[in-house]
Amino acid sequence: MADTHAETVLFVRDTMLPQKEPPLSTVGPLGWARGNLFSGWLNSIITIVAFLFVVNLIAHLLPWFISGTWNANSLTDCRDMMAAAGREQGGACWGVIRERWPQLMFGFYPSELYWRPVLVLVLLFVALAPILFADRTPTKMLGFTMLFPFIGAWLLWGGTIWNPITALLGFVIGYFVFTFLSRVVNAGISLFLAAIAAFVWWSVLSGYVVSGLSAIAPLAIHSVQSREFGGFLLSITIGVTAIMFSLPIGILLALGRRSDLPLVKALCVGFIEFIRGVPLITLLFVASTLLNIFLPPGTNFDIILRVMIMTTLFASAYMAEVVRGGLAALGKGQYEGADSLGLDYWQAQRLIVMPQALKISIPGIVSTFIGVFKDTTLVSIISMFDPLGLANAIRADANWNGIYWELFIFIGAVFFIFCFSMSRYSMYLERKLQTGHR
């Protein structure tokens, strides 16, 4: 009887209940805190202890930061100001940043010429726009990107305008030699001969051409010596140059290490392993002291140029291994697909293999860039006045003798801005290209 009743009685809802918001304890900030910070008794204790530690740290650091000594002209003035304000416990002496920030930024660069490095920095961002945001900038801007290294070097060092023009002509000569010879011999030999032609132009012929053109049309701006570079101007100049050239050199080294030609592979492996096995500071010492021993007498090899070359070679070796990891991550089918399309080696690398390998290698590439930019502070060891070297020089001044944290906090904050920006762009590029498995 009960079973028959259960089968015949039906319940059908004739009205719908109104929707309700989810409980506050499961969504929003409160839900996030409950799920991540107070999900258990152990997490709750750790959260409370960490919160008390952070509050105590801020309570001690905040008064030190807001000491209000921006107008001080010496460490003694800072202490007098803090004593007058009732801050006997001490505080930051930010007057040293107000007084010396131009020196930290530009080193000993002539103050009346500050506009030149500032203009170069602005032009750098303009030149990077077609590379960093290719889908949002006109393709025609790539022409300016290729010209920027010559324009930037001329603005920073000054001198005759014919120097950057003849330097650019070396690349033009190499391009035409490569284009002409590639129709007769293979690409490797053509590239080698093109490099020799460019080297002969730069080392032998360009000097005479510059002298002749300067005599006919003396177009020049005030020249600045390399010893006047310093501060973040020096770090950015070395860092940007190393970053700019280390990627293409690293790609060539990675391809050479995977080459089937024994000589090419041996040279690339030997270079990569030697550079990776030697500290950067050793290479900088070689660039600053030992390199002059092997040069002809009377040769004037600019110290910043030597450091940029060594830093670039150092970064290129690490970049080669990063790119090689991306190449190794590609399946064999990608290479077979390129062969099935009838592409030669360089076409396959340019159109199919290398774009995928670089996409995979984005985190490692940007990490290497950040490391190279931070390693520019090592030039202080060879008596070059990067921001850390200038900080030591500033602290040697009697007015600021005893200043430590303020200078290093300011330098660290500027480095953080540059490095954090590169890191965020890396994340943006990964999302844009959908790097990784989905």
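1. Glu-321 and Arg-257 are both buried (under 20% relative accessible area with a 1.4 Å probe, protein chains only; exposed is over 50%, partly exposed in between). Their side chains meet in a salt bridge, 2.9 Å from N to O (the rule: a side-chain nitrogen of Lys or Arg within 4 Å of a carboxyl oxygen of Asp or Glu). Glu-321 sits in helix α13 (residues 303-329) and Arg-257 in α10, so the pair ties together parts 64 residues apart in sequence.

2. A word on the basis: this is a predicted model, with local features needing pLDDT of at least 70 and side-chain atom pairs counting only at pLDDT 80 or more, while totals for chains, interfaces and linings use all residues. Residues are numbered from 1 along each chain as its sequence is written, and side-chain values use heavy atoms, leaving out hydrogens and water.

3. Arg-257 also bridges to Glu-273, with the closest N and O atoms 3.0 Å apart. Glu-273 is partly exposed, at 36%. Arg-324 pairs with Glu-321 at 2.8 Å; those two lie 3 residues apart in α13, about one turn of the helix. Arg-257, Glu-273, Arg-276, Glu-321 and Arg-324 are linked in a network of salt bridges.

4. Now α10 itself (residues 231-257); helices here are DSSP runs of H or I, at least four residues, and strands are E, at least two, numbered from the N terminus. Of its 27 residues, 20 are buried. Look at Ser-246, where α10 kinks by about 35° shortly before Pro-248 (the angle between axes fitted to the seven residues ending there and the seven starting there).

Note on methods. Expected span 1.5 Å × (residues − 1).
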